[in-house]
Amino acid sequence: MKENWSKPVSPDKPAPDVFLHMRIAAFAAGLGEIGWSKVFLTPEFGPRVRFGAVLTETPLDPDPIYSGPKLCDRCMACVKNCTGNAISRTESVKINVAGHIVEWGKLDEHKCSLAFQGGQADVAPDGEQLKYADYDAKPHEYNPFIASPGPRYQYGRAIEGARGCIRACMMHLEEKEKLKNKFRMPFQRRKPWRMENK
Ligand code: SF4
């Protein structure tokens, strides 16, 4: 651990060396639910959300856990549309958060990360497909952060993030009229794009 990495707000307090699981924190804060894709869904925006957190010692009254209409109906559109086949249709992870069982589909984070960066030939330039072959051969040795040509797990460079599970979920929730925030036009009006000659 690094010395003086983080500092307490006063000498009698611990240093804030914590790593928040933002989706679980969002669930505990009553903002919505975690979908089968493990993407967080809110009744206002569905999967189109990013969270930030502020650590404070101020006593605050907690909001209740979200108990509105169920958002994720296990349609499995996220599973079907993930180009990385990263989300299991049958296996799940279950945890208990403040007495509530929260469940999502088992996710292969390496496949998710790779697809997120464009590791699929029909949505990324030539050569990316090779990395899937590497992964399939040695899944335990495979590290997409090393194998990929540069740190592309970032918003500006992400391909799958808005192309696979999130977009499929958004379209499904829109079709089922589950979201309060609506577009004037359908979210998707054109055919999903593909690389040429793939
Ligand atoms: S696409 Fe369907 S199954 Fe997947 S998270 Fe959204 S609502 Fe749930």
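1. The shell around the ligand is made up of eight nonpolar residues, three polar residues and two charged residues. The model under discussion is a predicted one. In total, 13 residues surround the ligand, and the closest are Gly35, Cys72, Cys75, Cys78 and Cys169.

2. Helix H2, residues 77-81, and helix H7, residues 165-175, each contribute at least two of its residues. The largest contribution comes from H7, with three residues.

3. The overall architecture may be set out next. The chain contains seven helices and four strands. Read from the N terminus, its elements follow the order α-β-β-α-β-β-α-α-α-α-α. Of the 198 residues in the chain, 29% are buried. Among contacts with a separation of 6 or more, 66% are between residues 24 or more positions apart.

4. Which residues have the most contacts inside the largest nonpolar core? They are Cys78, Cys82, Ile87, Cys165 and Cys169, in a core of 28 residues. At least two residues of this core come from each of helix H1 (22-28), strand S2 (40-41), H2, strand S4 (100-107), helix H3 (109-116) and H7. H7 again gives the most, with six residues. As a general background, nonpolar side chains in soluble globular proteins tend to be buried together.

5. Cys78 and Cys169 link the two topics above: both are among the closest residues to the ligand, and both are among those with the most contacts inside the largest nonpolar core.

6. Is H7 largely enclosed or largely open? Eight of its eleven residues are buried, so H7 is largely enclosed by the rest of the structure. The buried residues are Cys165, Ile166, Arg167, Ala168, Cys169, Met170, His172 and Leu173. The list therefore includes a charged residue, Arg167, under the classification used here. Just after H7, glutamate 177 adopts a positive phi of about 55°.

7. Neighbours within four places in sequence being set aside, cysteine 165 is in contact with Ser37, Val39, Cys78, Asn81, Cys82 and Ile87.

8. Strand S3, residues 87-97, runs antiparallel to S4, and seven bridges join them. Within this pair, isoleucine 95 stands opposite valine 102 in S4. The two strands form a hairpin with two residues between them, and alanine 98 in the turn has a positive phi of about 50°.

How values were computed. Residues numbered from 1 in each chain as written. Predicted model: local features only at pLDDT ≥ 70, side-chain atom pairs only at ≥ 80, totals over all residues. Near = placed C-beta within 6 Å. Buried ≥ 20, exposed ≤ 12 C-beta atoms within 10 Å, placed from the backbone. Contact = placed C-beta atoms within 7 Å. Core = buried A, V, L, I, M, F, W, Y, C linked by C-beta atoms within 7 Å. Pairing = 2+ DSSP bridges.
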